[in-house]
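I set out to record what could be looked up in this structure. The entries below are kept in the order in which I made them.

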Amino acid sequence: MNDNLRAALDPRSIAIVGASDNTDKVGGRPLDYLQRFGYGGKLFPVNPGRAEVQGLKAYGSIESLPETPEMAIVAIPGDTAVDAVRQCADRGTKVAIIMSSGFGEGNSAQGRDKEADMVRHARERGMRIVGPNSQGLANFGTGAVASFSTMFKENAPADGHVAVLSQSGALSVVPYGFLRRRGIGVRHAHATGNDADVTIAELAAAVAEDTRVKLMLLYLEGIPDPHHLEHMARIARDRKMPILALKSGRTPDGRAAAQSHTGALANEDRVVDAFFEHHGIWRAQTMNELVDATELYLKGWTIRGRKLVAVSNSGAVCVLAADAAAGADMPMAKLSASTRTALGRILPSFANISNPIDVTGALLTDSSLFGKTLGTVGADPAADAFFVGFPVAGAGYDVQAFAAAAGHLEAATGKPVVAAAPQPNVAAHFIEQGIPTFPTEAQAIAALGRCLKHYELMDRAAARQAAANGQYRPYPAPNSRDPATPATTRMLNEADSLGLLAGNGLAMVEHRLCTSLGAALDALESFGGAVVMKGCSGDVAHKTELGIVKLGIRTKEEAAGAWQLIEAALAARQMRLDGIIVARMERGRHELMIGAHRDPVFGPVVVVGDGGKYVEALPDVQLLLPPFRRQDALEKLRQLRIAPIFAGVRGEAPMDIGAVADAAVAVGQLMATHADIHSVDVNPILLKSQGEGYCALDAVVLKTGE
């Protein structure tokens with residue numbers, strides 16, 4: 001962590017420019033919080049109209065301060081804020097938090113120019129800027145609460161193991177409020193605003209180095225800086241720290257709102273999903289999903305699998321738990337015969353001893369049944385995780401003993417245990433035992449399922465990173481706030497595209513580029529069967545629509561006629577003719593496609609999916625970000641809607657999707673190691689039976705530059 005970011009998170013001294021006695025004003029709250037929440041550094045209120053602010057000596061200007069503050073909080077409007085930032089930079093301040101608005105978050109060119117000039121001046125003098133339009137940074141571990149959020153008055157801070165970072169001020173403290181009301185401590189709550197200089201990703205990477213943080217929650221409206229987000233994810237993987245992100249802008253309207261709200265770059269949503277998955281970051285769909293599994297993550301469980309055992313005193317809850325487990329992709333564990341026999345000895349004859357287990361109302365007369373049941377199923381190696389549900393319990397039930405049994409189960413097995421209890425007085429006993437407890441079985445099991453899947457996602461990301469061994473990095477360094485698509489690209493003709501891909505490991509159709517009819521007739525004869533003839537031109541990407549693809553050519557007469565038609569079609573459109581490709585007619589089982597392009601923000605992106613001429617009209621695709629492994633590509637192919645046919649249906653042999661996975665890896669390596677390739681489109685790819693591979697029939701490659 002560099003010294004500027006260290007000063008952003010743990011400053012030794014802070015100047016508050018625009019300090020106010022009114023603790024309900026933007027300039028008053030940070031000073032109040034800093035004194036109230038235990039900040040131990042030096043404080044310098046700056047207010048030319050006051051000799052004292054909130055009991056502290058005030059200063060008339062930044063120049064009159066007795067020493068250079070490491071951090072400056074700028075809480076004054078408009079051009080005065082710009083002047084203050086310049087003065088802080090000239091004085092040698094390490095970081096300035098600009099709470100003022102009216103800069104890049106609006107649609108004003110003047111505001112964007114002001115913001116850019118301010119950042120430029122600060123950078124030239126070695127100062128970093130958080131904001132503008134920032135609600136502030138809050139480190140409750142050090143008391144450096146440089147924020148004006150009302151939430152910290154409503155919900156008293158307590159240091160903990162969770163960090164919340166957001167580009168939005170409100171969304172930096174909404175998760176904080178949810179967590180504090182559940183008694184969960186929060187160590188960091190930071191809002192970066194416009195991300196004009198210090199981005200949320202860069203700050204998150206610095207926060208990830210705080211070893212007290214065990215879970216990071218992010219709210220993002222744009223990702224202009226994947227370089228630092230990748231660095232943050234790498235630190236988190238090394239520390240086995242989970243990261244959850246709520247990324248807004250899934251819909252076109254949402255993306256437009258994000259653009260107007262913070263000036264954030266709205267990224268193509270499927271690429272964002274692929275980016276998060278690649279780095280082991282779980283993408284939450286809602287605010288509830290972002291925070292509702294926090295207690296589970298803080299347990300630090302060792303995850304062994306997703307097979308669930310459910311135990312309840314209600315048959316209905318058992319059924320609902322099984323349904324919820326299916327929805328969470330958590331198979332019900334198959335208990336061993338010895339476990340079922342032992343349960344039969346413990347429970348009444350009318351109890352259900354298969355999983356899920358209904359201990360029945362017999363608990364009213366024998367409270368020990370619950371603990372004995374949990375002890376028995378806890379010893380079964382088939383169980384990876386446990387759910388206990390008490391829809392109704394109270395007078396006559398030894399709830400304290402039930403909760404203690406659940407706590408003992410977790411301690412004895414080291415495996416995840418969650419509970420559901422809608423009655424607060426019942427839930428309190430389980431919470432006291434440290435068991436994550438929810439009002440319903442659906443909420444409990446859904447949160448558990450997401451948590452377990454997330455840990456699996458993190459493991460795959462770590463394995464993928466280890467396999468890459470640092471050979472190449474897919475994301476460009478953040479050298480531009482507005483990365484652009486290359487100004488010029490040139491399309492290779494089909495023959496050159498096929499040759500390039502064949503040279504990089506793809507199985508391309510056997511073909512010849514012919515520049516004369518005689519050469520085409522020789523090719524027809526040498527292939528000894530039906531051929532395809534296609535016009536080859538660097539001016540044409542999609543040939544079928546132009547009538548320059550002729551199928552099933554078998555005779556010299558057919559070949560000569562096809563040659564004339566292709567020449568005439570291109571000449572009529574004034575397109576150049578580089579020759580005519582004569583290719584062997586191939587047969588296969590299904591058409592797939594592999595594509596790739598160089599995203600201006602995320603770098604290379606590979607697409608695998610259903611192929612053929614309807615690929616755009618009926619898209620069935622999955623995305624991968626290099627570097628990725630063969631098993632990553634196989635997993636994506638199995639997630640396609642058409643995937644069930646790959647195993648073979650109605651007595652058919654399986655298809656060779658492993659070969660296509662290898663081809664996807666080759667395309668990813670090509671994109672990651674050849675910066676001049678802008679995009680690749682291989683479609684169709686004829687998939688054949690297991691062991692027979694595939695054959696790519698057509699390809700278009702775009703390169704950058706002249």
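**Basis.** I worked on a predicted model, in which local features need pLDDT of at least 70 and side-chain atom pairs count only at pLDDT 80 or more, while totals for chains, interfaces and linings use all residues. Residues are numbered from 1 along each chain as its sequence is written, and side-chain values use heavy atoms, with hydrogens and water left out.

**Whole chain.** I noted 23 helices and 30 strands in the protein; these are DSSP runs numbered from the N terminus, helices being H or I of at least four residues and strands E of at least two. The C-alpha trace spans about 95 × 85 × 40 Å along its principal axes. Of the 706 residues, 56% count as buried (buried is under 20% relative accessible area, exposed over 50%, partly exposed in between, with a 1.4 Å probe and protein chains only). I then looked up contacts, meaning heavy atoms within 4.5 Å. Among those with a separation of 6 or more, residues 24 or more positions apart account for 72%.

**Parallel sheet.** I found an open sheet of 5 strands in the order β16-β15-β17-β18-β19, with parallel pairing. β16 (357-358) and β19 (437-438) each have a single partner strand, so one side of each is left without a neighbour in the sheet. I counted strands as paired if DSSP finds at least two bridges between them. β15 (residues 308-312) and β17 (residues 385-389) pair over 5 bridges, and Val311 stands opposite Val388 in β17.

**Strand β24.** I recorded 5 of the 6 residues of β24 (residues 579-584) as buried. It is joined antiparallel to β21 (residues 511-514) by 4 bridges, with Ala583 as the bridge partner of His511. β24 also pairs in the antiparallel sense with β22 (residues 531-536), over 6 bridges; here Cys536 stands opposite Gly579.

**Cysteines.** My search of the whole structure gave 0 disulfides, a disulfide being a pair of cysteine sulfur atoms within 2.5 Å. Cys514 is buried, at 2% relative accessibility. For Cys695 the closest cysteine sulfur is also in Cys536, but 17 Å away and too far for a bond. Cys695 counts as buried at 5% relative accessibility.

**Arg464.** Beyond its neighbours within four places in sequence, Arg464 contacts Glu277, His278, Pro627, Phe628, Arg629 and Asp632.

**Gly648.** I placed Gly648 in the loop between α22 (630-638) and α23 (657-673). Gly648 is partly exposed, with a relative accessible area of 23%. Apart from neighbours within four places in sequence, Gly648 is in contact with Ala653 and Pro654. Its C-alpha atom is separated by 9.0 Å from that of Ser689, 41 residues apart along the chain.

**Largest pocket.** I noted that 42 residues line the largest pocket, with His542, Gly612, Asp681, Asn683 and Pro684 nearest its centre. On a 1 Å grid over the protein atoms alone, a pocket is an open set of points where a 1.4 Å probe fits, with protein on both sides within 12 Å along at least five of seven lines, and lining residues have an atom within 4 Å of a point.
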